[in-house]
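I opened my notebook to jot down a few things I wanted to look up. Here is what I went through.

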Amino acid sequence: QVHMVESGGGLVQAGASLTLSCAFAGRTFDSYYMGWFRQAPGKEREFVAAIGRRGTRTTYADSVKGRFTISRDNAKNTVALQIHSLKPEDTAVYYCAAGFPRGLAPYSIFSYEYHYWGQGTQVTVSS
């Protein structure tokens, strides 16, 4: 059974930086592509970033491109999300997720193509 735990969230001021981390256990980590999603109050969960199994392929939502960086360490079974220039609209619960590739695509931007989820970590950005 896969178990994932996010950490690194908190209350920060606009313009600050933050690094979220997700620890993965229970299966072979590099068999899965990994993603970050977020859900703001009253809104649906949205895609943020994804990374392929080897860490060489990444993709980002347009709203975070240039400010967020996703990375993974397959030796440590962790995936990270570096966030710079935080904005109040980045306030949300951030979730990491793991998906098992079914075809040629290195990752997915769709939540339904992820099989395992962490419990989430809250990021609150004050203006």
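Is serine 85 buried, partly exposed or exposed? I checked: its relative accessibility is 41%, so serine 85 counts as partly exposed. I keep in mind that this is a predicted model.

Next I looked up where serine 85 sits, and I found it in the loop between E8 and E9.

I then turned to asparagine 77, another residue other than glycine with a positive phi, near 55 degrees. I traced asparagine 77 to the loop between strand E7 (68–73) and strand E8 (78–83). Its relative accessibility is 25%, so I wrote down asparagine 77 as partly exposed.

On to the cysteines. How many disulfides does the structure hold? I noted one. It joins cysteine 22 to cysteine 96, with 1.9 Å from S to S. The pair links distant parts of the chain: I placed cysteine 22 in strand E3 (residues 18–25) and cysteine 96 in strand E9 (residues 92–99), 74 residues apart.

Which hand does this disulfide have? The torsion about the S-S bond of cysteine 22 and cysteine 96 is about 45 degrees, so I put the disulfide down as right-handed.

Last, I looked up accessibility for the two partners. Cysteine 22 has a relative accessible area of 0%, so I logged it as buried. Cysteine 96 is buried too, with a relative accessible area of 0%.

Conventions
Residues are numbered from 1 along each chain as its sequence is written. This is a predicted model: local features need pLDDT of at least 70, side-chain atom pairs count only at pLDDT 80 or more; totals for chains, interfaces and linings use all residues. Side-chain values use heavy atoms; hydrogens and water are left out. A disulfide is a pair of cysteine sulfur atoms within 2.5 Å. Helices (H or I, at least four residues) and strands (E, at least two) are DSSP runs, numbered from the N terminus. Buried means under 20% relative accessible area, exposed over 50%, partly exposed in between (1.4 Å probe, protein chains only).
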